[in-house]
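Colleague: Hi, could you walk me through this one? I'd like to go over the sheet, the helices and the charged pairs.

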Amino acid sequence: MAPSSSAKPLKGPQVFISFRGDDVRKHFISFLDPALRRANINVFIDENEFLGADLANLFTRIEESEIALVIFSKNYADSDWCLDELAKMKERKDQGRLRVIPIFYNLSPSVVKELRQDFGDKFRDMQRRHKHQPERTKKWEEALVSVPDIKGMPLSEQSDRTDNEFINSLVVEIQRLLDYMAVKGTPTREENHHGGSMVPARKLEKEAKNQGDSLVPAKNLDREVTLQGGYMVPSIIPARQLQITHYDNSQKWAWIFINEAPNYEELEVAKMIKIHWLKIVGTYEDTSDLTPGAKYEAVFQVKLEDNAIGWEQPVTLKLKVEQHDGSDDNRVDRNESLKDYIGHNWVDILAGVFVAPPRNKPAKITFTMFQYVTDDKKKGLVVKGVAIRPTN
């Protein structure tokens with residue numbers, strides 16, 4: 001599966017992939033690697049390394065990377081090689097030099113974080129085999145507990161999505177992150193915390209790239225980021241990154257792709273099939289990218305189809321600003337009827353407004369939409385995501 005020696009080398013920020021070969025090499029990785037390369041993404045997997053290389057070589061490859069994908073699978077914790085890679089990635093992430101994206105392949109994130117079931121048993125077996133190296137195993141455990149806290153992408157065994165469909169959406173997310181990193185600027189390997197040179201902006205592709213059977217268009221940054229006082233702020237938190245109750249139950253929600261003008265960009269949205277009660281929660285983890293003192297609003301971007309029913313009662317919307325010291329304030333609750341929007345196009349439902357705190361005191365913004373009416377079945381709601389944008 002390793003690329004041929006004649007393959008044209010790719011430029012740009014390197015994406016390192018850590019995975020348990022026995023679990024995913026012959027199917028998931030065999031789709032993912034070429035999909036990333038077709039999108040002109042500079043990807044590295046350990047099969048690119050020469051035979052006989054030791055772990056230090058892979059640590060160097062991690063240090064050369066700006067994004068790392070961790071494919072958690074059932075036997076990931078049964079490999080000291082994988083665990084060493086994970087510990088190194090956590091170290092680089094904590095230094096602010098690496099962005100880590102966890103992928104949970106046929107695993108629940110909580111199983112990894114809480115070291116439960118067979119996954120946890122295999123890790124404990126690994127700990128016992130390396131009991132003479134307590135510092136090493138401690139780093140493994142710290143990494144296993146902390147990395148799943150990062151917003152990632154789960155692919156459950158019950159999902160209706162194929163590996164290829166999931167991979168196409170993953171490629172889109174990585175492209176978005178690379179584009180965001182390019183316009184914002186990302187520290188190089190040599191940069192320290194006190195300054196230094198910046199990686200040149202990644203040249204954005206002007207034409208769409210063919211991703212196998214699907215088309216992944218070039219990104220229009222004007223739709224995805226907003227310039228605020230010299231800082232680039234992501235404007236959309238996509239539906240996949242929201243916590244939607246029963247999101248993985250195909251009888252309650254369906255995940256579909258739509259193409260939107262003006263660029264007919266492929267977007268993944270959540271379509272409600274039939275539920276009794278609704279709860280959608282999202283977070284904006286770090287306000288340090290926002291302009292201090294500026295006022296921002298968080299809006300749910302949704303659509304109610306012509307056949308939508310069960311919306312006689314209003315939904316409740318909440319917005320909470322939580323300081324990193326654990327305190328919270330500015331909690332806002334409001335109600336809004338969605339019935340009036342049935343049959344309309346996309347509408348913005350205001351969750352709340354907040355003032356960005358000082359950059360040295362960042363906060364987490366949590367926004368919620370819910371309706372607890374158990375005797376009234378609902379359907380027809382389509383969720384695109386949440387927009388964070390200045391109010392003026």
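**Charged pairs, sheet and helices**

Modeller: Happy to. The structure holds 20 salt bridges, a salt bridge being a side-chain nitrogen of Lys or Arg within 4 Å of a carboxyl oxygen of Asp or Glu. This is a predicted model, so local features need pLDDT of at least 70 and side-chain atom pairs count only at pLDDT 80 or more, while totals for chains, interfaces and linings use all residues. Residues are numbered from 1 along each chain as its sequence is written, and side-chain values use heavy atoms, with hydrogens and water left out.

Colleague: Which residue forms a salt bridge with R129?

Modeller: D78 does, with the closest N and O atoms 3.3 Å apart. R129 lies in helix α5 and D78 in the loop between β3 and α3, so the pair ties together parts that are 51 residues apart in sequence. Helices (H or I, at least four residues) and strands (E, at least two) are DSSP runs, numbered from the N terminus.

Colleague: Nice. Changing topic, what is the strand order in the sheet?

Modeller: The order is β2-β1-β3-β4-β5, an open sheet of 5 strands with parallel pairing; two strands pair if DSSP finds at least two bridges between them. β2 (42-44) and β5 (153-155) are the edge strands, each pairing on one side only.

Colleague: And how many bridges are there between β1 and β2?

Modeller: Strand β1 (residues 14-19) pairs with β2 over 3 bridges, in the parallel sense. F16 stands opposite F44 in β2.

Colleague: Now the helices. At what angle do α5 and α6 pack?

Modeller: About 160 degrees, for α5 (residues 117-129) and α6 (residues 134-146), with their axes 10 Å apart. Axes are lines fitted to C-alpha atoms, for helices over the stretch in contact, and angles run from 0 to 180 degrees between N-to-C directions. The two helices are therefore roughly antiparallel; angles under 35 degrees count as roughly parallel, over 145 as roughly antiparallel, 65 to 115 as roughly perpendicular and the rest as oblique.

Colleague: Which residues meet there?

Modeller: F119, F123, M126 and Q127 in α5 meet T137, W140, E141 and L144 in α6, where contact means heavy atoms within 4.5 Å.

Colleague: How do α3 and α6 cross?

Modeller: At roughly 70 degrees, their axes coming within 8 Å. That makes α3 roughly perpendicular to α6. Residues making the contact include L83, L86 and K90 of α3 and K139, W140 and L144 of α6.
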